[in-house]
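This report describes one protein model. Look at the sequence and the structure before reading on.

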Amino acid sequence: MVAGKVKKPGKRGRKPAKIDLKAKLERSRQSARECRARKKLRYQYLEELVSSKERAICALREELEMYKQWCSAMDQGKIPSEIKALLTGDEQKMPQSGSSTKTSKNNKNNISSNGQG
């Protein structure tokens, strides 16, 4: 006897609820279906993210290769026509490539923001 109470032998804590086994099994199956669906969506998202990053890497590699060619041409004393067009501000001479037009627009913005133009 402990403090006036009699200890009962057995487990402590809450008693397990009498839940219908079929309902419990169905909830478990539904939870597993939802988990698989979330996993599938997560993998699709990650695959799209990887492919977009790979495309960005390819574009940056092409841009880097272009800059390397420009540098090697300038090392030989030749000024590429794209750089001439950037320096003179004449965009009609430049070929229609994505990175070149971005560079010329950024260059113009830098000149106007510095108060030189």
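A residue counts as buried when its relative accessible area is under 20%, as exposed when that area is over 50%, and as partly exposed in between. The model discussed here is predicted.

| Residue | Relative accessible area | Class |
|---|---|---|
| C35 | 41% | partly exposed |
| C71 | 42% | partly exposed |

C71 is partly exposed because its value of 42% lies between the limits of 20% and 50%. A disulfide is a covalent bond between the sulfur atoms of two cysteines. How many disulfides does a search of the whole structure find? The search finds zero.

The protein chain contains three helices and zero strands, and its pattern along the sequence is α-α-α. The chain has 117 residues, of which 10% count as buried.

Helix 2 spans residues 81-88, and its buried residues are E82, I83, A85 and L86. These residues lie on the same side of helix 2, because they cover an arc of only 160° around the axis. An α-helix has 3.6 residues a turn, so residues three or four places apart point the same way. Which exposed residues does the face of helix 2 turned away from its buried side carry? That face carries L87 and T88. Just after helix 2 comes G89, which takes a positive phi of about 80°.

Notes:
Residues numbered from 1 in each chain as written. Predicted model: local features only at pLDDT ≥ 70, side-chain atom pairs only at ≥ 80, totals over all residues. Heavy atoms only, no water. Disulfide = S-S within 2.5 Å. Buried < 20%, exposed > 50% of the residue type's maximum accessible area, 1.4 Å probe, protein only. Helix = DSSP H or I, 4+ residues; strand = E, 2+ residues; numbered from the N terminus. Arc of directions from axis to C-beta.
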